[in-house]
Amino acid sequence: MRSITCQGTSYEIGLQHGEQARTEIHGSMEFYKGLFKRDCSMNWEEVCKTAVKFVPLLEASFPEYLQEINGIAQGAGVGVDSILALNVRTELAYGMFNDGCTAFSWKSDAGSFLAQNWDASSLLSPQRFLKTRYTKQELIPVKVG
């Protein structure tokens, strides 16, 4: 699995993520466009329009994640609404398809660790990568995908 490392502010981390994983991001978008159309009868424009409804919550509660999403979109050369849709896809289609994840964590003298896998279709294997995210203050959890 390819590995990318990103550091800096939330936006800078997102920008690096988008630039380094542009191919995987575009591949994921194509996969989910087809999945939403086939399994949920939603075209990508409808999916993105619905995803944008999460923006007020993100702005109020998780502004750093919204900054990172903006950076990913810029780096990958896609609309912010598409990156948002990829990140809230399970919430959008809850119960319409299986796209679950498994998370685990542990704490040791060396620090705390949090990881999550992506229990999705094997057709997405080419889009998978390991992302390690560092801010100036702390190590942020690793995200796959």
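Axes here are lines fitted to C-alpha atoms, for helices over the stretch in contact, and the angles between them run from 0 to 180 degrees between N-to-C directions. In this predicted model, the axes of helix α2 (residues 22–40) and helix α5 (residues 63–76) come within 9 Å and cross at roughly 100°. Since angles of 65 to 115 degrees count as roughly perpendicular, α2 is roughly perpendicular to α5. On the α2 side the contact is made by R22, I25 and H26, and on the α5 side by I72, G75 and A76. Sorted by class, the contact of α2 with α5 holds three nonpolar residues, two polar ones and one charged one.

Helix α2 also meets helix α1 (residues 10–20). Here the two axes come within 4 Å, with a crossing angle of roughly 80°, and α1 and α2 are therefore roughly perpendicular to each other as well. The class make-up of the contact of α1 with α2 is one nonpolar, three polar and three charged residues.

Residue C6 lies in β1, which spans residues 2–7. Although C6 and H17 are eleven residues apart along the chain, their C-alpha atoms are separated by 6.5 Å. With a relative accessible area of 0%, under the 20% cut-off, C6 is buried.

Attention now turns to the aromatic side chains. A search of the whole structure finds three aromatic pairs. One of them joins F31 and Y32, whose rings are 5.0 Å apart centre to centre, with 85° between the planes, an edge-to-face arrangement. Both F31 and Y32 are buried. In another pair, the ring centres of F36 and W44 are 6.3 Å apart and the planes stand at 65°, so this pair is edge-to-face too; the cut-off for that label is an angle over 60 degrees. F36 counts as buried because its relative accessibility is 0%. W44, with a relative accessible area of 12%, is likewise buried.

Definitions and conventions:
Residues numbered from 1 in each chain as written. Predicted model: local features only at pLDDT ≥ 70, side-chain atom pairs only at ≥ 80, totals over all residues. Heavy atoms only, no water. Helix = DSSP H or I, 4+ residues; strand = E, 2+ residues; numbered from the N terminus. Buried < 20%, exposed > 50% of the residue type's maximum accessible area, 1.4 Å probe, protein only. Phe/Tyr/Trp six-rings, centres within 6.5 Å; stacked < 30°, edge-to-face > 60°. Parallel < 35°, antiparallel > 145°, perpendicular 65-115°, else oblique. Contact = heavy atoms within 4.5 Å. Nonpolar A, V, L, I, M, F, W, Y, C, P; charged D, E, K, R; others polar.
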